[in-house]
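Visitor: I have a model open and would like to go through it. Can you take my questions as they come?

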Amino acid sequence: MAPSTTPDAPFGRMLTAMITPMRADGSVDVDGAAELAAHLVDECRHDGLVINGTTGESPTTNDAEKESVLRAVVETVGDRAVIVFGAGSNDTRHSIELAGMAQRAGADGLLTVCPYYNKPPQEGIYRHMTAIADASDLPVMLYDIPGRAGVPIESETLIRLAAHPRIVAVKDAKADLFASSQVMAATDLAYYSGDDNLNLAWLSQGAVGFVSVVGHVAGAELHEMIELYRSGDVTGALAIHRRLLPVVTAIMTRTQGVIAVKAALSLLGKPSGVVRAPLVDATPEFTARLREDLITGGIKVEAAE
């Protein structure tokens with residue numbers, strides 16, 4: 001099955017920002033990454049994956065590790081899912097290098113996060129994003145997440161960036177639905193919800209899909225939510241939203257997302273492993289409560305030992 005893309009949803013509709021599985025010694029589990037990618041695409045109805053996002057622990061993986069995971073995922077599911085590579089950083093030169101590597105490794109698109117920590121002005125953000133878009137032939141999804149980056153991509157900047165022929169989408173984790181509606185009305189940018197807490201709300205504002213974290217454990221349900229909403233069954237979409245509330249709460253609100261998702265995948269018997277410092281692994285107490293919340297949300301977990 002070929003990757004599912006349309007002009008209005010250039011990266012597909014149901015994507016997850018995939019973790020990077022690790023072995024017990026903290027090394028990258030490339031085989032586990034391939035296995036997890038196949039599970040998400042073939043069993044959880046994903047038509048896209050984001051590799052090397054923050055959920056993939058991009059701050060603490062080196063470039064060789066990033067490339068090895070990307071190549072493994074492309075080889076495993078690249079014929080049936082859109083593979084987006086997180087090429088953003090707070091160093092424009094490094095991001096350009098990553099964009100070139102991603103194209104050579106077979107990625108279908110790039111995710112470019114707003115530069116974090118160094119807090120550039122809007123002109124700096126504009127130049128950073130256009131430099132990355134100019135560095136390859138791949139379409140680009142901008143990632144607007146001021147809670148992590150420290151600065152937003154302002155609406156005026158987004159509208160300017162939309163003029164670039166390869167900047168085609170936004171992953172929004174800014175939670176300003178009204179401002180983003182104005183950008184959508186003024187441009188052809190495809191918006192993806194980057195905040196699982198607001199997935200249904202984003203659909204109501206015109207988002208074309210999700211770049212999820214909760215999708216690791218509820219991808220099929222979120223895919224169905226999108227389908228129901230787009231078919232006009234808002235009540236059905238709302239029912240899924242409400243059923244998943246305990247799952248979203250458990251993964252997105254109680255600790256850092258990578259920590260929660262790796263614990264959740266472990267409960268499902270899927271490749272996950274440890275996290276790298278400065279993150280810390282989930283405690284037994286957190287995991288026990290997580291198990292309860294997943295079960296309440298209708299997620300099947302392995303039997304407790």
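**Around H128**

Guide: H128 makes contact with S89, D91, T92, S95, V113 and P115, leaving out residues up to four places away in sequence. Bear in mind that this is a predicted model.

Visitor: Which helix is H128 in?

Guide: H128 belongs to helix α4, which covers residues 122-134.

Visitor: Is H128 buried or exposed?

Guide: H128 is buried, because its relative accessibility is 3% and the cut-off for buried is under 20%.

Visitor: What joins the side chains of H128 and T92?

Guide: A polar contact of 2.7 Å joins them. T92 is also one of the residues that H128 touches.

Visitor: Now the chain as a whole. How many helices and strands are there?

Guide: The protein chain has 13 helices and 8 strands.

Visitor: What percentage of the residues count as buried?

Guide: Of the 305 residues, 56% count as buried. The chain exposes about 12,600 Å², and carbon and sulfur atoms supply 51% of that area.

Visitor: And what share of the contacts comes from residues 24 or more positions apart?

Guide: Such residues account for 68% of the contacts with a separation of 6 or more.

Visitor: How many positive and negative charges are there?

Guide: There are 25 positive and 38 negative charges, and their mean positions are 2 Å apart.

Visitor: Back to single elements. Which residues of helix α7 are buried?

Guide: In α7, residues 177-186, the buried ones are A179, S180, S181, V183 and M184.

Visitor: Next, T16. Where is it?

Guide: T16 sits in strand β1, residues 14-17. T16 counts as buried because its relative accessibility is 0%.

Visitor: What is T16 in contact with?

Guide: Setting aside neighbours within four places in sequence, T16 is in contact with L40, H46, G48, L49, V50, S212, G215 and H216.

Visitor: On to backbone geometry. Which residues does a cis peptide bond join?

Guide: A cis peptide bond joins A277 and P278, with omega about 15°. P278 is in the loop between α12 (257-267) and α13.

Visitor: What is phi of R45?

Guide: R45 has a positive phi of about 65° although it is not a glycine. R45 is in the loop between α1 (30-42) and β2 (48-51). With a relative accessible area of 33%, R45 is partly exposed.

Visitor: And phi of Y117?

Guide: Phi of Y117 is near 70°, and Y117 is likewise a residue other than glycine with a positive value. Y117 lies in the loop between β4 (109-113) and α4.

Visitor: Why does Y117 count as exposed?

Guide: Y117 counts as exposed because its relative accessibility is 74%, and exposed means over 50%.

Visitor: Last one, A288. Where does it lie?

Guide: A288 lies in helix α13, residues 284-296. At 41% relative accessibility, A288 counts as partly exposed. A288 and G147 are 141 residues apart in sequence and 28 Å apart in space, C-alpha to C-alpha.

How values were computed. Residues numbered from 1 in each chain as written. Predicted model: local features only at pLDDT ≥ 70, side-chain atom pairs only at ≥ 80, totals over all residues. Heavy atoms only, no water. Helix = DSSP H or I, 4+ residues; strand = E, 2+ residues; numbered from the N terminus. Buried < 20%, exposed > 50% of the residue type's maximum accessible area, 1.4 Å probe, protein only. Contact = heavy atoms within 4.5 Å. Areas by Shrake-Rupley, 256 points an atom, 1.4 Å probe, with all protein chains shown as cover. Lys, Arg positive; Asp, Glu negative; His and termini not counted. Charge placed at Lys NZ, Arg CZ, Asp CG, Glu CD. Polar contact = N/O pair within 3.5 Å; in protein donor to acceptor, adjacent residues only side chain to side chain.
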